[in-house]
Amino acid sequence: MTIGSITDKKMSEATGEEILTELVHQLGFEDILDEVLASTDVTTVMMPYASALFSRRVPEDRPKVLPDGAENFAFLGQFTPLPEDVVFTVEYSVHGAMHAVYTLFDVEKPIPPIYHGLLDPKVDLHALAAAFR
């Protein structure tokens, strides 16, 4: 397999090994390609659609930021449940990362509270003012 080997295919048709090989070539690490391929379990997956963030959620379908018993790893990102927070925001990702880091490293700092705009009287006033413009 040589550099550019997957350029004739759609990315969705390429195997994980082909994508990894392409990446190693693009980064200029051809000298370690065999070792990388031998030591990497390659699974090809597709990114979810943006609307997937807003799909119905049940507690069992997404991993906790810190799964029960986890001592040295955490799951981060938009697909971990954070009660009362709103996905698709930077704050969501930051809150999840802070929760993971603060817990795993015993950091004694409070995580900033989640903003509840629906309960903020200023938001209600602004909405009311906008309704009568």
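**Contacts and exposure in a predicted model**

Colleague: Leaving aside neighbours within four places in sequence, which residues is Ala52 in contact with?

Modeller: In this predicted model, Ala52 belongs to the loop between α2 and α3 (90–104). Once its neighbours within four places in sequence are set aside, the residues in contact with Ala52 are Arg62 and Phe79.

Colleague: Does Ala52 count as buried or exposed?

Modeller: A residue is called buried when its relative accessible area is under 20%. Ala52 has a relative accessibility of 17%, so it counts as buried.

Colleague: How far apart in space are Ala52 and Phe79, C-alpha to C-alpha?

Modeller: Phe79 is one of the residues that Ala52 contacts. In sequence, the two are 27 residues apart. Their separation in space, C-alpha to C-alpha, is 9.1 Å.

Colleague: Which residues make up the largest nonpolar core?

Modeller: This core has seven residues in all. One of them, Val87, touches Leu53 and Tyr92, and also Phe54, Arg57 and Gln78, not counting residues up to four places away in sequence. The members of the core are Leu53, Val65, Leu66, Leu82, Val87, Tyr92 and Ala100.

Colleague: Which residues of α1 are buried?

Modeller: The helix α1 spans 16–26, and α2 is included in what covers its buried residues. Just after α1, Gly28 adopts a positive phi of about 80°. Within the helix itself, the buried residues are Gly16, Glu18, Leu20, Thr21, Glu22, Val24 and His25.

Colleague: Does Leu27 count as buried or exposed?

Modeller: Leu27 sits in the loop between α1 and α2 (33–39). The threshold for an exposed residue is over 50% relative accessible area. With a relative accessibility of 52%, Leu27 therefore counts as exposed.

Colleague: What accessible area does the nonpolar surface patch formed by Leu23, Leu27, Phe29 and Ile32 have together?

Modeller: Leu27, which counts as exposed, is one of the residues in this patch.

Colleague: What is the radius of gyration of the protein?

Modeller: The protein has four helices and zero strands, and from the N terminus its elements run α-α-α-α. The globule rule gives 14 Å for 133 residues, and the protein is well over that value, so it is more spread out than a compact globule. Its C-alpha atoms fill a box of roughly 65 × 45 × 30 Å along the principal axes. The radius of gyration is 22 Å.

Colleague: What percentage of the residues count as buried?

Modeller: The protein exposes about 10,500 Å², of which carbon and sulfur atoms supply 62%. Of its 133 residues, the share that counts as buried is 23%.

How values were computed:
Residues are numbered from 1 along each chain as its sequence is written. This is a predicted model: local features need pLDDT of at least 70, side-chain atom pairs count only at pLDDT 80 or more; totals for chains, interfaces and linings use all residues. Side-chain values use heavy atoms; hydrogens and water are left out. Patches are made of residues with over 30% relative accessible area and no salt bridge: like charges are joined within 9 Å, nonpolar side chains (Val, Leu, Ile, Met, Phe, Trp, Tyr) within 5 Å. Accessible areas come from the Shrake-Rupley method with a 1.4 Å probe; for residues, only the protein chains shown count as cover. A salt bridge is a side-chain nitrogen of Lys or Arg within 4 Å of a carboxyl oxygen of Asp or Glu. Helices (H or I, at least four residues) and strands (E, at least two) are DSSP runs, numbered from the N terminus. Buried means under 20% relative accessible area, exposed over 50%, partly exposed in between (1.4 Å probe, protein chains only). The radius of gyration is taken over C-alpha atoms; the globule rule is 2.2 Å times the number of residues to the power 0.38. Contact means heavy atoms within 4.5 Å. A nonpolar core is a set of buried Ala, Val, Leu, Ile, Met, Phe, Trp, Tyr and Cys residues joined through side-chain atoms within 4.5 Å.
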